[in-house]
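Let's take a friendly look at how two protein chains come together. The structure comes up next, and the report follows it.

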There are 2 protein chains.
Amino acid sequence: MAHARSDDLIAQMTRSADAVTRELDRLIPAVTGPRGPVVEAMRYSALSGGKRLRPFLVLESAGLFGVPDAQALRVGSAVEMVHCYSLIHDDLPAMDDSDTRRGRPAVHKAFDEAIAILAGDALLTQAFEVLGSFETSRDASVRAALVVELAKASGAAGMVGGQMIDISPARESMGFDEIAELEALKTGELIRFSCVAGPILANAAEGERQALAAYAADLGLAFQVADDILDVTGTEEEVGKPVGQDDGLTTFVTLLGLEGARKKADELVESACAHLAPFGASADTLRAVARFVVERNQ
Amino acid sequence: MAHARSDDLIAQMTRSADAVTRELDRLIPAVTGPRGPVVEAMRYSALSGGKRLRPFLVLESAGLFGVPDAQALRVGSAVEMVHCYSLIHDDLPAMDDSDTRRGRPAVHKAFDEAIAILAGDALLTQAFEVLGSFETSRDASVRAALVVELAKASGAAGMVGGQMIDISPARESMGFDEIAELEALKTGELIRFSCVAGPILANAAEGERQALAAYAADLGLAFQVADDILDVTGTEEEVGKPVGQDDGLTTFVTLLGLEGARKKADELVESACAHLAPFGASADTLRAVARFVVERNQ
């Protein structure tokens, strides 16, 4: 099995992230007048960089089926809007009360709480406008399917449900399986959407979609295990948000120990890559992404 | 021109509201476990009654074109989810800081702020799932069109934009035209969506859609003028939320005086009804709705 080299991957992810930023800049133009601040806050969040992992997964999963990059970029921008909305709302004082994000003040600190709530609402809303509108695909059934998949991944049975569990009193006494389930919702569902967007755009066979969903499930959990490791071993400068936030909380590191968590992350990467077997060498970049996710320091 | 009698209208709206509540109850089933509270909060808001004006407008606009009630009810439930989400977020301490809604504690008082933010997010998200999924219509292009229209009506260029203007410093010095524009976004856009949902579901001619959009624009403004009148003349018991909230704020009543505002509301109703001429007597219920909107005491 050929492996894409890590510096190649980073160059590729950077090119893709730049394209996503340009697309988001185009989709969310600044406006003047009293509506200005909410749009400015949307842009502050959406154009602030970040790894753009989810859009990259959309582009790569779409690339497996020869879907044009322009379509994948549009879907990737929609999922990034949902990701940004979730970060804005999660950082609010009533939620995780986090003052920094991606190395800058959180939206409610750079603007105010009301604008942060509205900017999150508007980003979530616009994601569905982007998916539903014409340029995604000429086939309306594909557009409607993407809307439904993204809504399922994001709503009370998906990401919002995961966040609900994360702030619930039950969180304190959870074991490995329950936290894995929590993370499968909170982080995993958007990653799953990103990986199945390709086969949906291509009207691919059910088996191919399932293979990518299985890859996504392992990748999402590996991502979260790595996040918990970074909270212990990373610096705020590297990670771009406060570290040591998990003190006193049950995490994969407290459950498995630091070495146990690293081993678990490696196993998940192996398992994720194994699900890509049907796609052969054309999925090498997705394999490299899985390794990158656990080896990153931010 | 035949006029539906007012008590007939109220009976018809009550039947429709009950059907909407049953549909929402079916679409948002309670769940057990740690995700329970967010779903409970969604149900608390969505099943709490209210006039269900927007779903009624969807049903009536759909009825003009012979669209089956089951389809219209589904679209009406989606727009009601968006309406409920907007009320939950508007009531938050960082926004309008309102402790009661529909005669009961607001969601952030009955639950807490974090759950209120998440419940609003989840209702907004589910609205798009409902519109995008199969039962709305077998024609995927209709479903995608509804998703895009609802997103435009709800986002930064629609309802959220109106709320942004409403909390902006510029709000204090606005005149009639600017406040009318604010309300056209904040309240008017969802009412417009509700009125054009019928022609969209029916693939109706552009002229028919425009006539209903023009009706909706007058109706939406009439609704808001009536709301400002009620804030001065109504009681909290009647209105279901605190009155006198607008003290010191520029409203249609402060701009036009109480009698001037009543006259304006009546003119808007006349104008709204005039736009329905192409539909003849089949639009009598929509005419009655316009009168109801300015004559209601809640």
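## How the copies are related

In this predicted model, chain A can be superposed on chain B by a rotation of 180 degrees, with 0.0 Å of shift along the axis and an RMSD of 0.0 Å. The two copies are therefore related as by a two-fold rotation axis. Both copies use the same surface: 100% of the contact residues of chain A recur in chain B.

## Extent of the interface

The contact draws on 46 residues from chain A and 46 residues from chain B. The size of an interface is often given as the accessible area lost when the parts come together. Here chain A and chain B bury about 3600 Å² between them, and 81% of that area lies on carbon and sulfur atoms.

How many salt bridges are there between chain A and chain B? The count is zero. Polar contacts, on the other hand, are present: four residue pairs make them between the two chains, counting pairs with both residues at pLDDT 80 or more.

## What chain A brings to it

Several helices of chain A each supply at least two residues of the side that touches chain B: H2 (36-46), H4 (69-91), H6 (113-132), H7 (140-154) and H8 (159-166). The largest share, 12 residues, comes from H6(A).

By residue type, the side of chain A that touches chain B divides into 30 nonpolar, 10 polar and six charged residues. Those six charged residues of chain A sit in an interface whose salt bridge count is zero.

How values were computed
Residues are numbered from 1 along each chain as its sequence is written. Chains are lettered from A and ligands numbered from 1 in the order in which they are written. This is a predicted model: local features need pLDDT of at least 70, side-chain atom pairs count only at pLDDT 80 or more; totals for chains, interfaces and linings use all residues. Side-chain values use heavy atoms; hydrogens and water are left out. Contact means heavy atoms within 4.5 Å. Buried area is the accessible area (1.4 Å probe) that two parts lose on being put together, summed over both. A salt bridge is a side-chain nitrogen of Lys or Arg within 4 Å of a carboxyl oxygen of Asp or Glu. A polar contact is a pair of N or O atoms within 3.5 Å; within protein, one must be able to donate a hydrogen and the other to accept it, and residues adjacent in sequence count only if both atoms are side-chain atoms. Helices (H or I, at least four residues) and strands (E, at least two) are DSSP runs, numbered from the N terminus. Ala, Val, Leu, Ile, Met, Phe, Trp, Tyr, Cys and Pro count as nonpolar, Asp, Glu, Lys and Arg as charged, and the others, Gly among them, as polar. Copies are superposed by least squares on the C-alpha atoms of residues with pLDDT of at least 70 in both.
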